[in-house]
Amino acid sequence: MISDELKAVILSTLKLDGWDLTDTTLAAEVPGWDSLSHINVVLAVEKHFGVRFRSAEVLKLKNVGDLQRLVDSKLAQKP
Amino acid sequence: MSHIHTSVGTMWDRWRENADRAPDSAAVVHWKAGEAPRRWTCGELIRTAEIYSAALTNSGIEKGQVCAIIVRHNALLYPMYMACVSAGAIPAILAYPNPRLHPEKFREGLEGMGRRSGLDWILTERALEDVLQPLLGDGRSTIKGLHFPFEDSNYLEVVQSGVRPGPAQSAPLITARESDPLLLQHSSGTTGLQKPVLLSHQTVLEHVTEYGKFLAVSPQDKIVSWLPLYHDMGLIAALHLPLALGIPTIQIDPFEWVQAPSLLLEAMSVERATLTWLPNFAFSMMADKIQEEDLEGVTLDSCRMVINCSEPVRYRDQEKFFNRFAPRGLKREALASCYAMAETTFAVTQTPPGREPSTLAVDPKSLSQGVARPVAEGSTARVCVSSGELIPGCQIRVVDDEFNDLDDGRVGEVLIKSSFMFDGYRNYPEKTAAAIRDGWYLTGDYGFRYGSDYYIIGRKKDIVIIAGNNIYPEDVEAVINDLKGVIPGRVVAFGEEDAEFGSERLSIVAETPLTDEGERRQLRMAIIKAGMGIDVSITNVYLVPPRFLVKSSAGKPSRSANRERVLRWRESDTTMGTRR
């Protein structure tokens with residue numbers, strides 16, 4: 001389940017509205033989410049949630065569900 | 001470069017000599033995030049290539065046949081590429097299809113390419129088998145079959161055994177001559193517009209030798225690169241040059257780098273690399289997007305040259321890059337630039353080692369009228385960055401429309417004659433004839449000379465360069481033309497400068513009779529999706545009313561005229577200028 005908060009950050013970075021994002025959504029399926037804009041999405045998510053991802057963690061992301069789980073795990077580690 | 005070996009012969013001869021002379025020296029370091037790198041020594045690389053080569057020969061691949069290589073970047077790619085050369089075949093590394101590229105479009109592209117290049121075999125992955133299989137035996141394709149050298153047992157077992165299989169064991173692996181074709185490179189594009197550039201062993205070997213001398217390459221040098229190997233900068237500068245000169249190259253998967261750009265600097269720091277090539281957008285991206293935490297322990301003091309190439313060099317991005325990484329040890333004199341293209345093997349001009357690119361502040365108004373008139377640096381000046389001096393073996397003319405040579409500071413088309421020139425586009429005599437005049441290659445680039453420096457400032461051709469990749473507007477216009485709501489034939493694609501990105505973005509202007517805002521929003525999305533289907537990212541969509549677009553004398557909408565018209569109107573009319 002993708003949170004409304006994560007959806008809003010991603011869609012705002014990509015300048016999209018009304019686009020549905022689910023656990024299995026791939027970046028390649030979303031207009032504007034290409035290899036060059038991927039880093040902008042990652043940086044926006046990090047900034048919004050106040051978390052930091054390591055390169056190896058970013059490289060393992062396969063879909064939006066993976067990104068949600070990574071955000072959740074980072075938030076759970078925050079004091 | 002006194003200690004670098006520079007004998008003649010075929011490329012394979014050179015690799016063989018390097019391996020015989022220093023079998024245990026590092027050749028390729030395949031760098032993976034979060035994993036120990038795979039380190040190929042010269043000896044191990046050539047042995048594995050020989051084994052692969054015998055397996056390729058046993059699988060029916062013959063001398064002179066073109067082998068398209070469509071695989072994700074992986075540690076076995078290097079010996080497999082070399083194996084094609086060893087077998088006398090002609091390798092052509094092609095881009096691995098992005099998941100967003102429609103399979104039908106991917107096949108169409110390969111079919112178109114096959115008709116020109118005469119692709120004989122595809123060396124690929126099982127994951128693409130279903131997509132590629134329809135290409136075989138449909139009567140239109142030249143492709144004889146698919147091979148899966150990283151997955152099939154007939155390849156893997158022999159590679160793992162470390163023993164060359166028979167019956168090819170007794171046969172000579174190399175039957176090539178210096179003048180034989182070594183490799184085939186394709187310009188970008190998706191619908192068969194790609195132009196295949198064929199280069200011989202001798203041409204590539206002589207070029208990397210001369211270019212290496214100009215760069216003062218020594219055995220202490222190491223190259224680090226994230227560049228794709230289907231691009232001339234990745235293939236020639238970052239793979240052929242080090243393999244031929246016997247220096248190591250550290251290779252990073254481009255898909256990994258673009259997600260984690262700090263990988264390049266991490267690898268440079270750990271491996272003490274000295275040379276790298278980057279398109280301009282990467283200077284901007286690395287300066288803006290890498291976070292300090294990702295640079296812990298990174299020092300860049302080993303870097304001798306970071307060479308800006310493949311896109312117009314932008315002053316702002318070079319400065320941004322230097323200011324960001326100088327505290328990490330990057331030296332000012334390590335900044336460098338180059339002007340290169342596949343048609344001349346690679347480099348034509350280059351800044352000498354130890355000298356940052358010259359800059360020239362000019363009056364932008366005079367520049368638009370074809371004169372680079374120096375002015376004091378200030379807010380209105382355009383700062384042009386030199387792409388360096390001619391490397392030995394290359395000649396440049398800057399000419400006007402009547403092919404008259406122009407003086408220093410006068411802007412014209414750049415023509416090149418070079419000892420490392422291609423022999424023409426393979427099976428494309430009409431394109432070759434249009435590209436070469438009296439032995440001079442017409443680059444389609446605009447530039448000027450100032451002293452011994454050459455400045456490239458724009459393009460005559462309509463090609464759009466996004467992050468170092470060439471996009472043909474025709475490809476994009478063709479797919480948008482078919483969309484419901486777009487008036488057929490009334491679409492123009494063009495590049496728009498994006499200063500923050502450090503490159504161009506692709507814009508579309510399309511005529512439509514639609515006036516309902518909901519329908520127009522749907523059409524905009526349909527246009528963006530049509531771009532995705534051919535793996536092209538469209539950033540701006542301008543929907544305009546019927547009869548808005550200006551036609552050229554040939555009756556087609558003129559790209560340059562409509563680009564100017566749209567950008568002018570965007571400023572004055574907010575209702576038509578709908579940007580995403």
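A residue counts as buried here if 20 or more other C-beta atoms lie within 10 Å of its own, as exposed if 12 or fewer do, and as partly exposed in between, with the C-beta atoms placed from the backbone. Keep that in mind as we walk through this predicted model, where local features need a pLDDT of at least 70 and side-chain atom pairs count only at pLDDT 80 or more, while totals for chains, interfaces and linings use all residues. Residues are numbered from 1 along each chain as its sequence is written, and chains are lettered from A, with ligands numbered from 1, in the order in which they are written.

Let's start with confidence. The model scores ipTM 0.88 and pTM 0.90. The pLDDT is the predictor's confidence in each residue, from 0 to 100, and chain B averages 90, with 94% of the residues scoring at least 70. Over residues 168-172 of chain B, though, the pLDDT is below 50, and this stretch has five contacts in the model beyond near neighbours in sequence. A contact means that the C-beta atoms of two residues, placed from the backbone, lie within 7 Å.

Now put the burial rule to work. Helices (H or I, at least four residues) and strands (E, at least two) are DSSP runs, numbered from the N terminus. Take helix 11 of chain B, residues 280-289: eight of its 10 residues are buried, so this helix is largely enclosed by the rest of the structure. The buried ones are B:Asn280, B:Phe281, B:Ala282, B:Phe283, B:Ser284, B:Met285, B:Met286 and B:Ala287. What do they pack against? Their partners are strand 11 (275-278), strand 12 (305-308), helix 12 (315-325) and strand 26 (503-511) of chain B.

Helix 8 of chain B (residues 232-245) is mostly covered too, with 14 of its 14 residues buried. Just after helix 8, B:Gly246 takes a positive phi of about 75°.

B:Met80 counts as buried because it has 25 C-beta neighbours inside 10 Å. Leaving out residues up to four places away in sequence, B:Met80 touches B:Tyr52, B:Leu123 and B:Pro149.

Next, some helix pairs. Two packed helices are described by the angle between their axes and the distance between the axes. The axes are lines fitted to C-alpha atoms, for helices over the stretch in contact, and the angles run from 0 to 180 degrees between N-to-C directions. In chain B, helix 1 (residues 11-21) and helix 2 (residues 42-58) pack at about 135° with their axes 8 Å apart. These two helices of chain B are therefore oblique to each other; angles under 35 degrees count as roughly parallel, over 145 as roughly antiparallel, 65 to 115 as roughly perpendicular and the rest as oblique. Helix 1 of chain B contributes B:Trp15, B:Arg16, B:Asn18 and B:Ala19 to the contact, and helix 2 of chain B contributes B:Cys42, B:Gly43 and B:Ile46.

Chain A has a pair of its own. Helix 1 (residues 4-13) and helix 2 (residues 35-49) of chain A have axes that come within 9 Å and cross at roughly 135°, which makes helix 1 of chain A oblique to helix 2 of chain A. Here A:Leu6, A:Val9, A:Ile10 and A:Thr13 of helix 1 meet A:Asn40, A:Val41, A:Ala44, A:Val45 and A:His48 of helix 2.

How do the two chains meet? Their contact takes 23 residues from chain B and 16 residues from chain A. On the side of chain B that touches chain A, helix 9 (254-259), helix 10 (262-271) and helix 16 each supply at least two residues. Helix 16 of chain B covers residues 517-533 and holds B:Met525. B:Met525 is partly exposed, with 16 other C-beta atoms within 10 Å.

Finally, look at two loop residues of chain B. B:Asp438 has a positive phi of about 50° although it is not a glycine, and lies in the loop between strand 20 (436-437) and strand 21 (440-450). Is B:Asp438 buried or exposed? With 7 C-beta neighbours inside 10 Å, B:Asp438 counts as exposed. B:Arg547, also not a glycine, has a positive phi of about 65°. B:Arg547 sits in the loop between strand 27 (538-544) and helix 17 (559-572), and is exposed, with 10 other C-beta atoms within 10 Å.
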